[in-house]
Amino acid sequence: MAVLDIQKLSVSYATPRGELKALRDVSITVPDRKIVGIVGESGCGKSTLISAIIRLMAPNAHVGSGQVAFKGEDLLTKGEAQIRALRGTQISMVFQDPMQTHNPVLTVGRQMIDIQYRDALSKAEKRKRAVDMLALVGIPDPEARLNQYPFEFSGGMRQRIAIAMALMARPALLIADEPTTALDATLEVQIIKRLRELQDEIGCSILFISHHLGVIAELCDEVVVMYAGEVVEAGSVRDVFHSPAHPYTRALLECDPGHIKEKTRNLPTIPGNIPDLVNLPSGCIFAARCPRRFDACTARPAMAEASAGHGTACHLIGMEMTA
Amino acid sequence: MLSYVIKRIGLAAVITVLAVSALFLIVHMIPGDPVSTMLGPRATPEMRAALEARMGLDKPLIAQIGLFFANMLRGDLGMDVFSNRPVTDIVLNQVPYTLTLILVSISWSAVLGIALGCYSAVNRNSLGDRLTGILSVSVIAVPAFVVALYSLLIFAVKLQWFPAIGAGDAGDWGDQLHHLVLPSLAIGLSWVGYIARLVRASMLEVLGEGHIRTARAFGLPERRIVFGYALRLAILPTVTVIGVGMGFLLSAAVFTEIVFSRPGLGKLVIDSITTRNYPVVMGSVLFSTLIFVASTTLADIINAILDPRIRAGK
């Protein structure tokens, strides 16, 4: 059974300009013990999606429709107390900026002990657990460092601490929101490797958000490509990266500096801008920027299978099938 | 931590020396001279010269300042021009009254102001928040002496709930406390509004920070997030403002002590200025300066205790 099964989720924000439709009919499944990556450029709704899952939404956000099933139970119908009981125990988060993640005036140890407040353990036992967890993520001399404050750690260390905190309760689902974006490249590789090992050991699923295609390819089993609040393509990393079906995915892969072989003065970009989410175009969301746009694109495409387990929301799929 | 405290106290000592020197010069420039005041119009030039020599007024200014510091370190602030009692004794008799008044005033207003500020920030834009906002701005706008006069009229004269004048019987705590209510209301009221606004603003800022989102993502109870995680950061600006606000508190205490005929530094300063009693003026202003420097230093040290980054100098 899937740990997380999001079906047709729509979320909008009330803004002075009108209703901003940040997510529209988003369906994402995170299978048990799998790592699912979400890619997409800024403003594609990644952050809205996360906040909708753990229900830490901005006051002006509104869930229009859909469901977020966690282990078969719809989180959207749960009360605040029930959701809070899941946070940090069943569902954990690692945030993007490690410099902002921890409380600056409390020791790391205090924060790691505090998040175990639900467990009926002695303080010494909780501390022991924190020490073990820090050792597991590769913090040297964890016993002593537990008494230090976040500002005494580097960014990479802080992100490891954040991962240690998130995995301490052995959650079923870890949501990682661009956990390596703020780090430099060598650290990124280390963190990704460690995350993979820990996932294997703990046996959790990970929803990994990133705009770094290389990291997604390295770490994830499956990938979901989002564009302007919609899922445009989803499938195994292999399928999506090797035979991208949606023109947006293709463009994204072409723009990835890791994929460019020849020397070039200018990196390629996707021409145009993401559409205005208050006044949405009626047809395909990507049509305005799509190099392969044709008549059918004035209608909104449904998700169709490009191959088994590899879906895309593009009219070209039907065309190529028949052609 | 210790090195920070030592550094901070060293700085306080430097500030004190500069402030006291400036003070000495200012008092020196006040028109009128203590010798005429003490001896009266019929003094002979010989008598005047003798007294000037005794008070050190015949020496050059720089020597006078040096002498003043030397005596100050020995606890000698000179003699009262009229009663011939040591100034240190006179001032030290009054300091506890003013200090108690200020501390009681700022304590109740800080507790109430912080509570209201937290409430407002947590229930942002609620009716309670709006009401708190309106009330805060209203009490900030009312000067302490107006509150003093009206509270005197209403609670002491009309309703007779509280005594109108004096500081209460020495040794009777209940009576002294009873006498403190109206003066500390007068001084503290506007601080409630001020602190409530300040705490609300910084609390809102802190509640929007990433680490609060982390705490929420770990399911920590909201109460612990606000009071355990956010307040400690949100309180920092307020601590500084109260430390520096000691200056305003002292000047508010001057008015209040006069309105309520309470003994204290404020009354002493006013009385001694009008009689050109320089040594007493110097002594009481000196103590006010010391109180001010001590309170700002204390505020910095409290902030360093609350925020490890300050102790580390980051």
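Domain bounds are those of an automatic or database domain assignment. On this basis, chain B of the predicted model is divided into domain 1, residues 2-73, and domain 2, residues 98-263. The centres of domain 1 and domain 2 of chain B, taken over C-alpha atoms, are separated by 37 Å.

In chain A, an open sheet of 4 strands is arranged in the order β2-β1-β4-β5, with antiparallel pairing. Helix α1 (residues 46-53) of chain A lies across β1, β2 and β4 of chain A, and runs at about 70° to β2(A).

A further open sheet of chain A comprises 8 strands in the order β6-β7-β8-β3-β9-β10-β12-β11, with mixed pairing. The edge positions are held by β6 (91-94) and β11 (304-307) of chain A, each of which pairs on one side only. From one strand to the next, the twist averages 20°. Strand β9 (residues 222-227) and strand β10 (residues 230-236) of chain A pair in the antiparallel sense over 6 bridges, and the bridge partner of Y227(A) in β10(A) is E230(A). Helix α11 (residues 247-255) of chain A packs on the sheet, where it touches β3 (35-39), β9 and β10 of chain A; the direction of helix α11 makes about 100° with that of β9(A). Helix α7 (residues 155-168) of chain A lies across β6 and β7 (173-177) of chain A, and its course is at about 175° to β6(A).

The largest nonpolar core has 161 residues, and those with the most contacts inside it are L173(A), L207(A) and V225(A). Helix α8 (residues 173-207) of chain B supplies the largest share of this core, 15 residues. Residues up to four places away in sequence being excluded, L173(A) touches V3(A), L4(A), V30(A), Q90(A), I91(A), C204(A), S205(A) and L207(A).

The contact between the chains takes 21 residues from chain A and 18 residues from chain B. On the side of chain A that touches chain B, the elements that give two or more residues are α2 (80-86) and α3 (98-101) of chain A. The residues of this side of chain A divide into 11 nonpolar, 6 polar and 4 charged.

Notes:
Residues numbered from 1 in each chain as written. Chains lettered and ligands numbered in written order. Predicted model: local features only at pLDDT ≥ 70, side-chain atom pairs only at ≥ 80, totals over all residues. Core = buried A, V, L, I, M, F, W, Y, C linked by C-beta atoms within 7 Å. Buried ≥ 20, exposed ≤ 12 C-beta atoms within 10 Å, placed from the backbone. Contact = placed C-beta atoms within 7 Å. Nonpolar A, V, L, I, M, F, W, Y, C, P; charged D, E, K, R; others polar. Pairing = 2+ DSSP bridges. Axes fitted to C-alpha atoms, helices over the stretch in contact; angles between N-to-C directions.
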